[in-house]
Amino acid sequence: MQKLLKYIAQIARPPSRSKLSGRDDNAHATKGRMTDVDMAALARLLKMLERSVRSGHDINPFETTSSQGSPTKHQGRDRAPQMDELQSTPRSSTGHATAVSDDASDNGISTEADTIVLDRSLDVARDSILAANCCIALLSSDRLPKQLYSEELINACFSAVKNQLEMIVYPFVESTEEPQSHSLRHVMHPSSRGSNCRRQLAELFQTLEASIPRINELVDADRLAMSEGIIIQVVYIAIGPFFVAENGGDGEGKGKKENIVLNTLGSSAMRGLRLDALALIRSVFAKHEEQRSWIIEEILTSLIKLSDSKQKAGQFRLRDGRSIRTVSALLLQLIQTSVHDVRIDAQAMHKSREISTSQRQGDSFSRDETTFLTAHETEQLRLYVSGLESATKAAKTIVVFLTQRYYFSTPFERTEYRVIFDNLISDLLCVLFWPEWPAASLLLSIICKYMVTSLDDVKTASQTDNQALKTLALDHLGIIAARLRAAGSQMHSSRSATAQRLRPVDELLSNCSIKGLRALISAHRDLASYLCRKSGDDQSYESARELAAVIWGQELSTALQHCASVLVDGCDEEHNPQARGNTMDFGSYLKDALHSIWEDDVSDVFEMGGSQDDVHRMHRLCEEIGTIQTFKNSFTPILNAVLKALDAPPVFMRTKALKALGQIVTSDPSILSFPNVRRAIESHLLDSSSAVRDAAVELIGKYMIESPEFAADYFQKIAERIADTGLGVRKRVIRLLKSYYSVTPERPRRIEICVKIVLRMLDEDDTVKELAVKTVEELWFGSIPQRSKNSSAHATEPTELQSKAAIIMGVAGYFKDRQSPLEDMLHDIMKDKDSADTSLVHSRYAEICGILIDGLVDASDLPDFTVVNCIRTIHLFASAYPAVLSGFNAATLLPYLKNATTPEEQMTSDYLLRIFRVTIPYMSKAALKFGQDLQLALQPMIIKPSSTSGLLGLQETVACMCAIVEHITHDFGRLVALLRSCNGKSFQFVPRVK
């Protein structure tokens, strides 16, 4: 059988295969060699081969109950009635299809007879495929009489190929370490017992892999009109390998099973099979337009029926080392293949135009003077204007299928469809703007249109299903818009000052910029040349070139139609001759570019793909072209749709819309300065739902830290939310203000932040109070450098301390009541701390107070310094920690104590008296001099009290006098004399009162 196949291949070698062979191919590539053979002999040969082919139809050596790798079990299309017959795989209990006995042991087959049966089954399967391969190779040769092309024969050959793939190859590839089938367990056994079976499997796989390109040649032949049943059979053969998961093939360890499968078939066996299958499905998809929707739906249906592990297993490795899902790559390839007929028609038109031009060279000049577009050019424009219809239809089929299934499915099924949709969008974003994947832009743009449309009626739609689609849209539109915005920003930032920015064709057309058009045409030619060179290594680049050319041709055709309409409309009017001439010149460049779209690259044929720098340059060029081509007007509609969704009645939709807006802003924080964005965010800071308000605060919070220049306008609105009724909102605002404190250099803004946080001491929730206390502690006392021998620490510490002291003094100045919440906060900071932490806080309190007291000596060191505010701040620290003031520091304050004559002096004296009263008990005996001086200063204030201070001031003075005598001076005699004197004066007033 193998010799026969070799002889057939020598006589009738497929043209596409001969190009890759040796130099002796010309001897066997002459046409008509197969026709020299007697047709009767060929018919008899095919009849004998058909018997061998049919002998393998019911082979099932591994007892596979259903197809593991192929989606053939998914059927139900009315338009393909042959599928029930094609997909049935009857099993016989006799002949070569007899299954191996179930009485096998765990390690293999129990009897020698069973081993012989398994070997014989694999031999029959191999011979069946060899026979099918011979038939396909013979039928794919040059034109043969039609009676030889029997549909039953072709169907039998394809059915044998499909059956051996599904029943033998796929179960072996997907087998686990402990397969259920006893026969498969025998083959997988690492000992030599299954070595003969593995050799048979290797031969079978090689024959199957060689048959797929021949099937492609047969299906792609123009001389044959394949029936729908045969095409369906071919489709299942082609898409089967994409749903096979090699267990352990990508794992880190090299287990026994992995070694057996890979060593038997080869490490890249399935990759090669998938590449051949991809070429086959592309040929079917390109040639049979009526089957395209069904093929796409069958692929997606098969994907849904797969388990999660199999969906994750199939990976298509990209050139940068990353991977996308194999099914995603397959769908993109099919979309790119769908424009192949446009290329065929365009080349036919080009030949027709050349013939027509050569025939009418005599009157060509007169025709150019009377009309801008010839009949051939007009026909060409119509071709390109509608050229993307097939690709768009294929892409819409994918989107509509997934969205409708998602819409009408049960909640459990909806989760599965959601995973598939999420994976697809993730893969599209991964290869977006890649030269070899132009279909990603097309498919993603259609997805965006569907999603934006689903958000049109956000205010009125209340159905659960509609909300599910809107949720799906909001979960992805933010990511997509962020990717588009980031690509545009990257293009602007990476472009050098002298580099010319590419502009869209319609923008160039508005001012007839020939210079810009030349740059754009040159960019497209470079891209086409790159794809042409790379197609020599990878045929998938050829489909990418076709789709990119059709997209470019549609742009050129639309611009040419506009030029033609402008010139026609201007024929009957007096127009500026200069403008008309510019339009003619611009249109001429457009026509030249359109005519040269399919010109082959004439660069060095040995330069297959260019250097790595060339690859990066093409990638950047393709990204720039993509941003001005498919997605040139997509960002604004997406942003508007997300902003519109902020007004949706359901709370969860408004929350998701804010999240989507946050994803968009991530790519470009300057979007926060857009008036419509600012209005939307500020309005939802006052939303009726606390969850929406919390999401709005979270959105702004990220960029108040990362990009404070754009988020500063939102500060007041955010700060007001610290008193929000929602507990989570208040806590989030406190954390946000704490972070913003560290990035803003403005002292008034820092003071305002601290005031807002200190006011939370009046909050009704204890957890908010605790968070406020902890926040202030970290801001004021958590980052002061400790005293060390490091000179740099000593150099920076006074500046930081002075800055903190100024801010604390500013906060204290805001609270002028006798009971300040800042005093309570300073108390709570020291609460529930161990001795080490308490000692650390005490030292930092003392450092701040020392800076404040130094400020009384040299007020220029502290901004916005006032004596009253400084002493008020010292009083707060003294109330919280009375031992903070030493005798030396207290002596520094003493000169400011006097009988008040003004309200400011009265307030200063009042704070000083309270400071001295609480700190004196904690002073050492070394403060005797200070105590004596204070006693002398207090005595006249008691004997002759100030009318400004009033009774409260006199009470504080007496209390301070008693404290200084009791704890420091112990001059009780003078205190008694003072009391006697006061008592005597009081008796002088008694008669007057009477």
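Does Thr583 count as buried or exposed, and at what relative accessibility?

## A threonine in helix 25

In this predicted model, Thr583 has a relative accessibility of 10% and therefore counts as buried, the cut-off for that class being under 20% relative accessible area. The residue is found in helix 25, and, leaving aside residues up to four places away in sequence, Thr583 touches Cys512, Cys563, Val566 and Leu567.

Because Lys591 lies in helix 25 (residues 577-595) while Glu377 lies in helix 17 (residues 375-385), the pair ties together parts that are 214 residues apart in sequence. Both Lys591 and Glu377 are buried.

A further salt bridge is formed by the side chains of Glu777 and Lys833, at 3.2 Å from N to O. Here Glu777 belongs to helix 35 (residues 766-781), whereas Lys833 sits in the loop between helix 37 (821-829) and helix 38 (835-857), so this pair ties together parts that are 56 residues apart in sequence. Lys833 has a relative accessible area of 26% and is therefore partly exposed.

## A buried pair and a network

The side chains of Arg721 and Asp724 also meet in a salt bridge, with a distance of 2.5 Å from N to O, and both of these residues are buried. Elsewhere, salt bridges that share partners join Asp123, Arg126, Asp127, Arg199 and Glu203 into one network.

## Aromatic rings

A pair of aromatic rings is described by the distance of the centres and the angle of the planes. The structure holds twelve aromatic pairs, among them Tyr407 and Phe408, whose ring centres are 4.6 Å apart and whose planes stand at 75 degrees, so that the pair is edge-to-face. Tyr407 is partly exposed, with a relative accessible area of 22%, whereas Phe408, at 65% relative accessibility, counts as exposed. Aromatic residues also gather in one cluster formed by Trp780, Phe781, Tyr845 and Phe877.

## Charges over rings

Two arginines are placed over tyrosine rings. Arg678 lies over the face of Tyr714, at 6.0 Å from the ring centre, while the charged end of Arg750 sits over the ring of Tyr741, 4.6 Å from the centre of that ring.

How values were computed
Residues numbered from 1 in each chain as written. Predicted model: local features only at pLDDT ≥ 70, side-chain atom pairs only at ≥ 80, totals over all residues. Heavy atoms only, no water. Helix = DSSP H or I, 4+ residues; strand = E, 2+ residues; numbered from the N terminus. Buried < 20%, exposed > 50% of the residue type's maximum accessible area, 1.4 Å probe, protein only. Salt bridge = Lys/Arg side-chain N within 4 Å of Asp/Glu carboxyl O. Contact = heavy atoms within 4.5 Å. Phe/Tyr/Trp six-rings, centres within 6.5 Å; stacked < 30°, edge-to-face > 60°. Lys NZ or Arg CZ within 6 Å of the ring centre and 35° of its normal.
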